[in-house]
Amino acid sequence: MLTLEGELRAAWNLGQFEPWFQPICRLGDGAVVGYEALIRWNHPQRGVLVPGDFLKIAEDCGLIETIDWCMFELSCERLRRHDLADTFMTINVSALHLRHVDFDQRLIELLERTGLPPSRLVVEVTEGALLDNPERVRATLERLRAAVIGAALDDFGTGYSSLSYLHSLPLRILKIDRAFVLELDKGANTSSTTVVAAVLALARALDIDVVAEGIETEFQYAALQAMGCDMGQGYWIGRPAPITRWLASGPVGA
Ligand code: G
Ligand code: MN
């Protein structure tokens, strides 16, 4: 029997990983303004696996960075080929990537190869990845900004949420974690409503756009819209196909 690590290596060799694109909508009119590229493993027996199912093993066996770079490249190519509109795309960058001093240079070269304008790319980093070495990450994000590549703070509110990061980092987007969005269902007087309102006010003051993550109900959508949240993503938006395997224009031809 194959171990999961063995399966993962085989899957990599067989090309079973691919990026899916979750639309990011403007809550005001529901227009798709961007996408988050999310890795999926098309497992021959177990179906489509999400990162939670295999990321830890991919990290432990040292394959994750290779897989990630391949996903970044595929995602950029697909966005360029399929969506001529001015949508942006976010990619998830881990602490491992940010440890390499040449991360930004490598990303810039990837964009040159794929022909995707840098202004259409946004790298998502988590608060956890910042903690690793805040100064180094800030320097990397500054160099990316100089190259017109944007940065987003992912899962905001779940980590240490140091306010000092918010104004010292060159952020284009703040992503409110889905835990707060989930709580909104419980009505107007929850602490989650207060937190979301405070984050929106803070972001507005700092001129950072906000994306709410994990919108699963119309109620959540409406509540966020009423609070003035700019953008959102989640299983509710874009029904019936919330996470599109390909961009709206259909699959990539061979
Ligand atoms: O940490 P990050 O926000 O990048 O995580 C993205 C993950 O969240 C993806 O694996 C994606 O499939 C999942 N996801 C996207 N939208 C929703 C949603 O509406 N609800 C839940 N529970 N998960 C979601
Ligand atoms: Mn993300």
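**Close-up 1. Glu 36, Asp 154 and Glu 213 reach ligand 1 in this predicted model.** A polar side-chain atom of Glu 36 sits 3.1 Å from an oxygen atom of ligand 1. For Asp 154, a polar side-chain atom is likewise found 3.1 Å from an oxygen atom of the ligand. Glu 213 has a side-chain N or O atom 2.6 Å from a ligand oxygen atom. The protein covers 79% of the 520 Å² of accessible area that ligand 1 has on its own (Shrake-Rupley method, 1.4 Å probe).

This is a predicted model in which local features need pLDDT of at least 70 and side-chain atom pairs count only at pLDDT 80 or more, while totals for chains, interfaces and linings use all residues. Residues are numbered from 1 along each chain as its sequence is written, chains are lettered from A and ligands numbered from 1 in the order in which they are written, and side-chain values use heavy atoms, with hydrogens and water left out.

**Close-up 2. Here is the shell around ligand 1.** Of its 16 residues, those that come nearest are Arg 40, Arg 178, Glu 213, Glu 216 and Tyr 235 (near means a heavy atom within 4 Å). The shell divides into 5 nonpolar, 4 polar and 7 charged residues. Strands β2 (32-43) and β6 (150-156) each supply at least two shell residues, and β2 gives the most, with 3 residues (strands are DSSP E runs of at least two residues, helices H or I runs of at least four).

**Close-up 3. Ligand 1 takes up the space of the largest pocket.** About 960 Å³ of space lies in this pocket. Its lining has 37 residues, and closest to the centre are Glu 36, Leu 38, Pro 51, Asn 92 and Asp 154. (A pocket is an open set of points on a 1 Å grid over the protein atoms alone, where a 1.4 Å probe fits, with protein on both sides within 12 Å along at least five of seven lines; lining residues have an atom within 4 Å of a point.) By class, the lining holds 17 nonpolar, 10 polar and 10 charged residues.

**Close-up 4. Now for the second largest pocket.** About 150 Å³ of space lies here. Among the lining residues are Arg 145, His 167, Pro 170 and Ile 208. The lining has 8 nonpolar, 2 polar and 2 charged residues.

Notes: A polar contact is a pair of N or O atoms within 3.5 Å; within protein, one must be able to donate a hydrogen and the other to accept it, and residues adjacent in sequence count only if both atoms are side-chain atoms. A molecule sits in a cavity or pocket if more than half of its atoms lie within 2 Å of its grid points. Ala, Val, Leu, Ile, Met, Phe, Trp, Tyr, Cys and Pro count as nonpolar, Asp, Glu, Lys and Arg as charged, and the others, Gly among them, as polar. Grid points are joined across faces, edges and corners, and a volume is the space filled by probe spheres set on the points.
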